[in-house]
Amino acid sequence: MKIDRHPRPTFSVEDANRAADIVFGIKGEVLELAGERDRNFLITNNRNEKYVLKVCNHADSDDVIDFQNQLLTHLSSNNSQWQWPLPLPDQNGALIGYTHNSDDDEIRVRLLTFVDGIFLADYYPHSPYLMGQLGQFLGKVTRSFSDFTHPAMDRKLFWDMKNGIGLIREHIDEINDSKREDIVHHFLSIIENALLPVQNDLRTGVIYNDANDHNILVKSDANGEGAIVGAIDVGDSVHSWLAAEPAVACSYAMLNKPDPLATAKEIICSYHKTFPLTEEEISVLFALSCLRSCMTVTIAAHQKSLEPENDYLSVSEASAWQLLGMLKKISPEFAHFSFRHACGLEPSPSTTHLVQWMNEHKGQFSKVVNLDLNTSKVRAVDLSIGSLDLTNGVWKNMEALTEIIGTPALGRYDEPRMIYTFDQFRTVGNNGEEWRTIHLGIDIFLQAGSSVFSPLEGVVHSVKDNERNLDYGPTVILKHSPEETVHFFTLYGHLSRDVLMSLNEDDTVSAGSKIGQIGNESENGGWSPHLHFQVMTNCLNYSGNFPGVAKPSERNIWLSISPDPSPLLAIENDKAVAREESPEEISESRHCHLGPMLSLSYQTPLKIVRGWMQYLYDNEGRKYLDGVNNVPHVGHSHPKVVEAIQKQTAVLNTNTRYLHENITRLAERITDTMPETLSVCFFVNSGSEANDLALRMAHAHTGGENVITVEGGYHGHLISLIDVSPYKFDGLGGKGLANHVEMVPMPDGYRGEYKYKEPNLGERYADKVEEAVNKIKNKSEKLSAFISESMISSGGLVIPPKNYLATAYEHVRKAGGVCIADEVVVGFGRVGSHFWGFEAQAVVPDIVTLGKPMGNGHPIAAVVTTPEIAASFNTGMEYFNTYGGNPVSCAAALAVLDVLYKEKLQENAALVGKFLIARLKSLQEKFPIIGDVRGSGFFIGVELVKIRDSMEPAPKHASYVAERMKERGILISTDGIRHNVLKIRPPMVFTQSNAELLVSTMNDVLQDSFCQ
């Protein structure tokens, strides 16, 4: 088919202005819009009402134009959920008006209502939810067209995919690039192989046929999710294959995506739920998507020669070429299986029958190795992400791994494995990095040199040495056809190199005959000696190799292509197949058995099963950079801390009624870091216990009951602490200010009463403490304590201004009160400049409270105070905390102190924190949504606002950013009394490269449409 495109009509802005007025009675500002076939003008009247004037192409008959008008009217009446441009009558009541251009040519014009929104091409991100909405939208469009007919619907259109193959063959020479022509020829073969056998079985009907990213309109909803508003331009609508509708959408939505198939699957899944596709239609979706992309580049090449000044004609061309290059690397069969999975079908059509056949013949196959794999001496080894055997990075040490696994042993099928988180298994998806961690076969760990046999007759499909590190090494793939309807492959990986000489392609292998033997580490890819045994229903055009591990996002597809091979090995399924509770099952159990107020982070909670230094790993091996968990102070599972806990817990853990040097050593080392007056320690289990004990001590020392606390402060979950924690008592479910508590404003130089640049800022906020003291005096009551975090965490990561605590402490002490510094969050070098947060304010508290970061998360906390206050607390009532300061917890805390000093982690917090804050401030200059960046060391807050001048908080934007960062593999959180502050409090081992990644990722997220 030849492209019959005619150039757009000549029509100026002045012509459009005149036509809008004379033909339709509309006056306003005129702006020309892009267009492929027609000329389009935006008309905005003095009431800010908008219209689109379409100047029709000379080649379109009145019947074709009427077809478009009737389509839009039909869509507007049948799809109230979404908007379409509605044709408006001219001053004579007709939907097609007539006018002349400046050359006095007769021109037909139409006036349409304006649909507001952002083009999908300009909206970011294209989330799975948004792509699903697009599929649902198009499915309902298809349904609404089921009863629509028009004489012009069968017009011959060069964008009709039924004409696509002929069109490409007619115009392929116009591409004028031999390499690109070869790419199109490659796809023509795929397209014809898929389409020709079934094209007569494909359903037909009227389709929109132009769901490209410059026609679909989107807006952000209140929570930042992209939502389809509607669509424009039915100029390419035609009677064609129904399956072309989602295929067109996929061909454009896949543009500029690292994982185009993942995007297409979301569209197809929702389309199918709305308008079910047949299996024949599903089988051609990939081919049709490729066909549309090939048509795009071919038509663009032709159109540029006709109208070179019209950039819109090739708006998708460059991206389409890039997409075709990516799609060329994808097996058409795998794409077909992916789309079947999206539609709720068994991905590989032959799998169900094969699994049934294998189970029916279980026990009848020859042994693969010379050993009964069901005996108790053959244990199943746990190599999962959360395996308790793989501690302290042992998964990176093959020698240690070999010792842990032992022989004989089985490695399980469908197991997400920590050992596949090396860079070789890393991929980049639409939301950042993903690792191929899901094991698709069964491993049999035996001594090198052990013989390997074929379980049934087969033909050698390939023999190859995959010699890269951590690859298969020598590998054999056999093809089996034991029955007319049963065809499959088996793979034997990590063999010795002699198999390369003993077997050749197309050799016949009988059941029970020796294939080869297990290779050693020098020839098997560097692994512990073992056989990797795998079944495949389809080789997907692989030769000599085949994926043995899969991405979690494609897990069910690959498990269908490579079903459980245990029947061929005569192994019981529960021994050979990994089992774990899914996040959904755990969530359900939490719902049944845990209190509903116990919250989870993120809209889709993470199942975290491993921590290693500044990283957390979910159950499928996704690695997250931890930018928020301050409690594992020196890093998750730091080996020195783990070793200290293991050693001590293997010897003794008991209460403090016995003498033990750990508790006294810890007390000495902590007080050595404090001012001289703070020399007495009390050990407890948590920061809440520490703060409660501090209040008791203050009461005992002063005889007072009244407490002054700071707005936004949080000190723990005990009743006594809820009363002095405005973050709780002033929030949801809180009971407000207690009678014995006075709350003073947060010393916030950004949002508070006094701003950063005002003089004597600290003193002015501290004067509010004096006012609170006077209120207590005026009630003839007595002050007990002023409690404040040295830097305010939950209130929004606020750094008090200079002289704030010094002046506040002075007011409190004059009134006979005690000054409590809550260091639960900011202590132990987190602020970088000082070991304790209060030191940054040049003050000496009367009581200091410490929390679980001192034990890297082990349950230990402390109160440090003066001998005088400790003496006042000695009232005769014994203070005993059963396991506060137990030997194991103290060992953990001592190890934390060792690591802090030896690894210079305070210095690291100072240097990296300064770098990170500076980079975040550079983002502040770029993005108006960032109102303030503040912090010290690894205690950083980024406050988001809707409008900088008014400082209107943006809590939904903050939640959105935290969620999107999580999707991209970085964990931060939100805080602040307005919930609009991004909280960054990473483990102290956080590096400059980690900081660079965090900032670059946040830079990307802040460019999302919702944040603009």
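**Tour of salt bridges and cysteines**

At 16% relative accessibility, arginine 412 counts as buried. This residue is the starting point of a tour through a predicted model. Arginine 412 sits in the loop between strand 13 (409-411) and strand 14 (426-429), and aspartate 382 in the loop between strand 12 (379-381) and helix 12 (398-405), so the contact ties together parts that are 30 residues apart in sequence. Aspartate 382, at 26% relative accessibility, is classed as partly exposed.

Next, select arginine 468 together with aspartate 471. These two side chains also form a salt bridge, at 3.7 Å from N to O. Is arginine 468 buried or exposed? Arginine 468 counts as exposed, at 63% relative accessibility, whereas aspartate 471 is buried at 13%.

For the next stop, select lysine 551 and aspartate 259. How many salt bridges does a search of the whole structure find? The search finds 38, and one of them is formed by the side chains of lysine 551 and aspartate 259, 3.1 Å from N to O. Lysine 551 belongs to the loop between strand 25 (549-550) and helix 14 (555-561), while aspartate 259 belongs to the loop between helix 6 (244-253) and helix 7 (260-274); the pair therefore ties together parts that are 292 residues apart in sequence. Lysine 551 counts as buried, at 10% relative accessibility. Aspartate 259 likewise has 10% relative accessibility and counts as buried.

Finally, turn to the cysteines. The structure contains 0 disulfides. Select cysteine 294 and cysteine 290: the sulfur of cysteine 290 is the nearest cysteine sulfur to cysteine 294, at 6.6 Å, and cysteine 294 is in no disulfide. The relative accessible area of cysteine 294 is 0%, so this residue is buried.

Cysteine 890 is buried, with a relative accessible area of 0%.

Terms used:
Residues are numbered from 1 along each chain as its sequence is written. This is a predicted model: local features need pLDDT of at least 70, side-chain atom pairs count only at pLDDT 80 or more; totals for chains, interfaces and linings use all residues. Side-chain values use heavy atoms; hydrogens and water are left out. A disulfide is a pair of cysteine sulfur atoms within 2.5 Å. Buried means under 20% relative accessible area, exposed over 50%, partly exposed in between (1.4 Å probe, protein chains only). A salt bridge is a side-chain nitrogen of Lys or Arg within 4 Å of a carboxyl oxygen of Asp or Glu. Helices (H or I, at least four residues) and strands (E, at least two) are DSSP runs, numbered from the N terminus.
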